[in-house]
Each structure stands twice: as C-alpha cells, then as structure tokens.
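I opened this notebook to record what I looked up in the structure. The entries follow in the order in which I made them.

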Amino acid sequence: VINFDDRTVNATVRIPDDAFKYLHLTELEQVKATNLLTDEIIDIPSFSPNTPITVTLPAWTGMILKIQ
C-alpha cells in the first residue's frame, strides 16, 4: 500500500475470499504483521475476507505487510 499524498491517510485493504481459498489462508481473530519496509510490527484485530485491514500511512510512505 502506498500513500502518494502530502498528508497522512487511512487505507483499507480487503483480501477477497478467493485469495483465502487459493492460498489456503486461515481466518484468525488476532494476527501480527510486519511492515517489510520498516520492520514495524502491526496488530491486526481480525484476519478474514469479511473484515478489511485498515492501516495509517504518513505522507509519501508505503508498506508491504507480511502476515505472521
């Protein structure tokens, strides 16, 4: 996810059900994700195709999340 704006924004990412099935992902109540660009650990309250993931991105930044 990338923020090309000059202000902080909240971005919402939804992983579709087809991706969960194809990648054999398991729905989880609480997961941690690592931002591969900064090594920051982020708590994700619900990892499910029914619940989008919301992240806050400062101006001119981005993140690549690795779900643990």
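**Entries on rings and strands**

I looked up Phe-4 and found that it counts as exposed, at 62% relative accessibility (exposed means over 50% relative accessible area, buried under 20%, partly exposed in between, with a 1.4 Å probe and protein chains only). I noted that the model is predicted, that local features need pLDDT of at least 70 and side-chain atom pairs pLDDT 80 or more, and that totals for chains, interfaces and linings use all residues. Residues are numbered from 1 along each chain as its sequence is written, and side-chain values use heavy atoms, without hydrogens and water.

I placed Phe-4 in the segment before β1 (9–13); strands are DSSP runs of E with at least two residues, helices runs of H or I with at least four, numbered from the N terminus.

I then searched for aromatic pairs (rings of Phe, Tyr and Trp, the last by its six-membered ring, with centres within 6.5 Å; planes under 30 degrees apart are stacked, over 60 edge-to-face, the rest tilted). The count is one aromatic pair. The ring centres of Phe-20 and Phe-47 are 4.9 Å apart with planes at 45°, so this pair is tilted. Phe-20 belongs to helix α1 (residues 17–22) and Phe-47 to the loop between β3 (41–44) and β4 (53–57), so the pair ties together parts 27 residues apart in sequence. Phe-20 is buried, at 4% relative accessible area, and Phe-47 is buried at 4%.

Finally, I examined β3. Its covered face holds Ile-42 and Ile-44, its uncovered face Ile-41 and Asp-43. Strand β2 (residues 31–35) runs antiparallel to β3, joined by four bridges (strands pair if DSSP finds at least two bridges between them). Thr-34 stands opposite Ile-41.
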